[in-house]
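Here's a quick look at the charged pairs and the chain-to-chain interface in one model. Have the viewer open as you read.

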Amino acid sequence: MNYAEYRDFSASVADRHIIFYYFGYFSQHIVSAMADAVRLQLEQAEAAAATRRKIFSSFVEMAQNITHYSVDSLTPPALRDNQLRQGSVCIGIEDDRYYLLSANPVAAESVDALRAKLEPLRTMTLDDIKRAYRETLRTEQPEGSKGAGLGFLTVARDASAPLEFEFEPCDGSDAVMFYVKATI
Amino acid sequence: MTTETSDDLFIPATGSSPEVDFRFASHALSLRGESYPENAAAFYGDVIVRTRSYLESVPASQSVTVDVALTYFNSSSTKMLFGLFNVLNDAAEAGTRIVLNWHHDVDDDTILEFGAELHEEFPALDFHDIAVDE
């Protein structure tokens, strides 16, 4: 990329109202540093305090999902600490609303379970989501989960529209690219 | 083991984990900061184990004060905090007076609602909602 191309690239990012984008490896340290950057960015954009908190929370949940579950991993799958996995996150503004997008490869075998978890959230009201959240809070940690099974419910609770998601085959790999979009 | 239960527990804050200042000897437990460690189950698991063994040794007539001033906690921390308050509530049901001071930003509805949830679920705790206007 030469300077002119870089200028075009930067202009296109600005035109799309993208306030944050990262593609690469996710570790706890990287997520924590990005969270600081996101917080500063949102303060500068003078977003309302409640909106800032919702974006921050959704950002951390989505980024930590990548740290925990992306199959593009530099660390052994069973490792629970100091994980390093690849994915991307983006925060932008569309029709005067903030949105977050994340993408990471998952195993083809995980697709059905993810779909089963996400699809019901799309038709739930906010009250339904809060009820499901309270119930999940009181249940044992689900098998295979490194969190509490509350991550997507937390994002859905903070979103102003149903969560969107998509799966797409990855070129040259058995993995499937998993996209999530939350509009705050 | 007997000395360990009375030792205080102090874990300094990091960018993504809270300060844990559990002064068992003076019966004052405090959590403050932000909580989104990579492995919340491990982080709070140790805290819960230490708290449980402290509560087993605390005299029934003793009053215990817990101050929680967390400005953000992620979903897996939420789950573990619920477990910690469950342990405190069990001790309160067994007769120990436990005061829970729940500090939160006056505008933070999520933390306010979680506090209300705790108040409802763990009625044996002497719950005080403390809204802070920054």
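Asp158(A) and Arg157(A) are both buried, where buried means under 20% relative accessible area, exposed over 50% and partly exposed in between (1.4 Å probe, protein chains only). Their side chains meet in a salt bridge, N to O at 4.0 Å; the term covers a side-chain nitrogen of Lys or Arg within 4 Å of a carboxyl oxygen of Asp or Glu.

A word on the ground rules: this is a predicted model, with local features needing pLDDT of at least 70 and side-chain atom pairs pLDDT 80 or more, while totals for chains, interfaces and linings use all residues. Residues are numbered from 1 along each chain as its sequence is written, chains are lettered from A and ligands numbered from 1 in the order in which they are written, and side-chain values use heavy atoms, leaving out hydrogens and water.

**Salt bridges**

Over all chains the count comes to 11 salt bridges. Some of them, including one across the interface:

| Pair | N to O distance |
|---|---|
| Lys181(A) and Glu94(A) | 2.9 Å |
| Arg122(A) and Glu119(A) | 3.9 Å |
| Glu117(B) and Arg138(A) | 3.0 Å |

Take Lys181(A) and Glu94(A), which pair up in a salt bridge. They tie together distant parts of the chain, from strand S5 (residues 176-183) to strand S2 (residues 85-94) of chain A, 87 residues apart; helices (H or I, at least four residues) and strands (E, at least two) are DSSP runs, numbered from the N terminus. Lys181(A) is buried at 16% relative accessible area, whereas Glu94(A) is partly exposed at 38%.

Arg122(A) is partly exposed at 33%, and Glu119(A) is partly exposed at 40%.

**The interface**

How many residues of chain B are in contact with chain A? There are 22, against 31 residues of chain A, with contact meaning heavy atoms within 4.5 Å. The two chains bury about 2200 Å² between them, 44% of it on carbon and sulfur atoms; that is accessible area (1.4 Å probe) lost on putting two parts together, summed over both. Tyr36(B), Glu38(B) and Lys79(B) supply 34% of what chain B buries against chain A, more than any other three residues.

Five salt bridges cross this interface. Helix H3 (75-93) and helix H4 (109-121) of chain B are the elements giving two or more residues to its side that touches chain A.
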